[in-house]
Amino acid sequence: MGVISPRQRAYLRALGIPLWRRQAAPGQYAAESDAPAALPARQTAPAPSADSVAQAAPVIAGSDWSELEAAVSGCRACGLCESRTRTVFGVGNREADWMIIGEAPGAEEDRQGKPFVGRAGQLLDKMLLAVGLRRDQVFVANLLKCRPPGNRDPKPEEALACQAYLARQIALVRPRILLSVGRVSAQHLLASDTPVGRLRGTVHRHPDSALPVVVTYHPAYLLRKPVEKRKAWDDLQLARDTLKKNPSP
């Protein structure tokens, strides 16, 4: 585990993680799902086709930050545009080494237009501080830029509609590592249907950018299952150690 500073000890105590427990070997834990059950929702606009997304992608691929944010704000590519209060673009350091990618905005994110606010956001901040990072030192975004009604899982066509936005954000930030939080985010980023419990504990590669990807549980899941916080701490250490082994050029 390495030497833990007094500040890290304080944040680990805030997370409720006992420091005397030994770190378990990766892959030892049973697979868990950390996403809420899907709820039925009425689709209010036709699903985007792969062709329509492909046609929009070249325009998005050449955009700068202001153009990309404007495109997200005015997006009507799927039915979520009908029920959203605000789009949730992403916040943080636009030249960060770490990029945190969640799944979709919740109710409070939809109201404020910012990702990871409320109790889940506070826990994410503590998780980052445990490895010496402040929120303003990372870039935080979601797979989806609009909230699915009832916080249900994103539909495949909704993820497809937002795919080019996230790809452009990754290209603009140029992070050194992606930290994927939650099942939906991890399975989309890695083009996999493997449960989070089996994806975590290993450094993966993003299929498009070849960036290292570390998977962990969503803070909302950790609030429901505090016993799993220890595993999230292991995942954060894995991400931190991965960067230490691969210093920036």
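Q: What pLDDT does the chain average?
A: This is a predicted model, in which local features need pLDDT of at least 70, side-chain atom pairs count only at pLDDT 80 or more, and totals for chains, interfaces and linings use all residues. Residues are numbered from 1 along each chain as its sequence is written, and side-chain values use heavy atoms, with hydrogens and water left out. pLDDT is the predictor's confidence in each residue, from 0 to 100. At least 70 is scored by 76% of the residues, and the chain average is 83.

Q: How many contacts does the stretch of residues 20–45 have in the model, beyond near neighbours in sequence?
A: Across residues 20–45 the pLDDT is below 50. A contact means heavy atoms within 4.5 Å. Beyond near neighbours in sequence, the number for this stretch is 47.

Q: Which residues are buried in α5?
A: Helix α5 covers residues 118–130, helices being DSSP runs (H or I, at least four residues) numbered from the N terminus. Buried means under 20% relative accessible area with a 1.4 Å probe, protein chains only. The buried residues in α5 are A120, G121, L123, L124, M127, L128 and A130.

Q: Which residue just after α5 takes a positive phi?
A: The phi in question is about 80 degrees. The residue that takes this value, just after α5, is G132.

How values were computed:
Helix = DSSP H or I, 4+ residues; strand = E, 2+ residues; numbered from the N terminus. Expected span 1.5 Å × (residues − 1). Buried < 20%, exposed > 50% of the residue type's maximum accessible area, 1.4 Å probe, protein only.
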